[in-house]
Amino acid sequence: MGAESPAHARDAINTRVEEILTAGTGERARLKRFQVGEQFLESAKRNGFGARMNVIDSCARILLDVPKNSIEPFRVSADSSKQRFRVDGAGAFRTHLTKDGPGYRLMFWQLKDGSIEFANVGPKHELLIL
């Protein structure tokens, strides 16, 4: 992701959404609204996803409800089965970006209105959603 600002990230995600729809995957009627969280770009760059399109592709596919990898609840802790929620009621979720090495994941919040907030990218062991 070569984005330098949240606006660039939104543009890249929207462009990928259109490419996926044009290729015949997904339905525009299922497209979710979204926002980019404050730590999303910095965490993606810090974890080596600065120029990798799989972050953008994963975001677009989540918005269209056609993810490449399964989407799982982000739990309260490693030994808990309870999903984490914010005080505003948003539920925490995660999906794999890579499965090799440290197993990087994309973390996001699904708000009560169904929209998505992309939170951060991090290795599996980090257990952090921002």
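Residues are numbered from 1 along each chain as its sequence is written, and side-chain values use heavy atoms, with hydrogens and water left out. Because the model is predicted, local features need pLDDT of at least 70 and side-chain atom pairs count only at pLDDT 80 or more, while totals for chains, interfaces and linings use all residues.

A search of the whole structure identified 10 salt bridges, each defined as a side-chain nitrogen of Lys or Arg within 4 Å of a carboxyl oxygen of Asp or Glu. One of them joins the side chains of Arg-16 and Glu-19, with an N to O distance of 3.1 Å. Both residues belong to helix H1 (residues 6-22) and are 3 residues apart, about one turn of the helix. Helices (H or I, at least four residues) and strands (E, at least two) are DSSP runs, numbered from the N terminus. Glu-19 is partly exposed, at 41% relative accessibility; buried denotes under 20% relative accessible area, exposed over 50%, and partly exposed in between (1.4 Å probe, protein chains only).

A salt bridge also connects the side chains of Glu-18 and Arg-28 (2.7 Å, N to O). This pair links distant parts of the chain, 10 residues apart: Glu-18 lies in helix H1, and Arg-28 in the loop between H1 and strand S1 (34-36). Glu-18 is partly exposed at 34% relative accessibility, as is Arg-28 with a relative accessible area of 47%.

In a further salt bridge, the closest N and O atoms of Asp-113 and Arg-33 are 2.7 Å apart. Here the partners are separated by 80 residues, with Asp-113 in the loop between strand S4 (104-110) and strand S5 (116-123), and Arg-33 in the loop between H1 and S1. Arg-33 is exposed, at 56% relative accessibility. Finally, salt bridges with shared partners join Arg-16, Glu-19, Asp-57, Arg-61 and Lys-68 into one network.
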